[in-house]
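Biologist: I am new to this structure. Please show me how to read it.

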Amino acid sequence: MKTILGPVAALALVACGGDGPAEEAPEASDGAAFEEGAMPVPVMGEEVRIVAFGDSLFAGYNLPEPDGYPEKLEGALRARGINARVIDAGVSGDTSRAGRDRLAFILEGQEETPDLFILELGGNDLLRGISPEETRANFEAMLTTLREAGVPVLIMGMRSPPNYGPEYSAAFDAIYADMAEQFDTELIDFWLEDIYAKPELFQSDRIHPTAEGIEALVASTVDEVAAALPEKADS
């Protein structure tokens with residue numbers, strides 16, 4: 001298990017194979033986390049399929065479709081030469097229970113078994129005051145399904161706002177690391193960490209990132225996503 005550690009912080013401030021022929025790499029502007037002045041790497045190798053499964057933070061709430069996290073992540077990975085296809089399976093408003101209910105449908109709808117499943121849920125559980133025990137049970141059910149399907153998982157962790165109280169926060173915050181350890185998955189401890197204290201990177205609701213905020217999130221997480229991919233992505 002690989003954990004990216006960070007401080008306990010408020011949720012979005014105070015709310016929420018064989019090688020194939022080389023392909024033309026995207027322009028630098030098509031992928032976040034592409035260093036200025038660096039030359040694109042030709043996209044090569046077998047396609048890796050990533051399912052980005054989450055709520056409005058993946059669905060790109062109030063943003064044009066090309067500016068969502070899954071779309072920008074795909075561009076950033078391809079700019080690194082990884083033949084990635086990121087499937088946007090984010091649904092605004094989804095709680096962990098809603099994700100649990102639609103997980104089997106999403107998996108059955110894939111043409112092939114995903115090479116990586118990015119699990120990003122829990123923010124709406126916080127906003128609705130759902131008990132950490134229920135959230136934990138839903139994550140356990142989803143991760144059991146994914147393990148039985150043989151799908152590698154990267155969990156995008158969340159953090160409870162301090163105004164929820166120390167008991168609730170401790171119970172909620174522990175879910176992600178505990179689940180990552182129990183199911184031997186990759187984990188980014190708090191995936192909004194690099195932007196949560198920068199209000200200019202959030203929309204007026206102070207919950208959802210702007211397009212610039214999404215760029216910053218991709219830049220801060222693309223290394224961990226690339227490291228979680230199966231070895232064929234590096235060929």
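This is a predicted model: local features need pLDDT of at least 70, side-chain atom pairs count only at pLDDT 80 or more; totals for chains, interfaces and linings use all residues.

Modeller: Residues are numbered from 1 along each chain as its sequence is written, and side-chain values use heavy atoms, without hydrogens and water.

Biologist: What is the mean pLDDT of the protein?

Modeller: pLDDT is the predictor's confidence in each residue, from 0 to 100. Its mean here is 86, and 81% of residues reach 70 or more. Over residues 1-34, pLDDT stays under 50. Where pLDDT is low, the coordinates should not be read in detail.

Biologist: How many helices and strands does the protein have?

Modeller: Helices (H or I, at least four residues) and strands (E, at least two) are DSSP runs, numbered from the N terminus. The protein has seven helices and six strands.

Biologist: Which side chain meets Lys-72 in a salt bridge?

Modeller: A salt bridge puts a side-chain nitrogen of Lys or Arg within 4 Å of a carboxyl oxygen of Asp or Glu. Lys-72 pairs with Glu-215 at 3.1 Å, N to O. Lys-72 lies in helix H2 and Glu-215 in helix H7, so the pair ties together parts 143 residues apart in sequence.

Biologist: Is Lys-72 buried or exposed?

Modeller: Buried means under 20% relative accessible area, exposed over 50%, partly exposed in between (1.4 Å probe, protein chains only). Lys-72 is buried, at 11%. Glu-215 is partly exposed, at 26%.

Definitions and conventions. Contact means heavy atoms within 4.5 Å.
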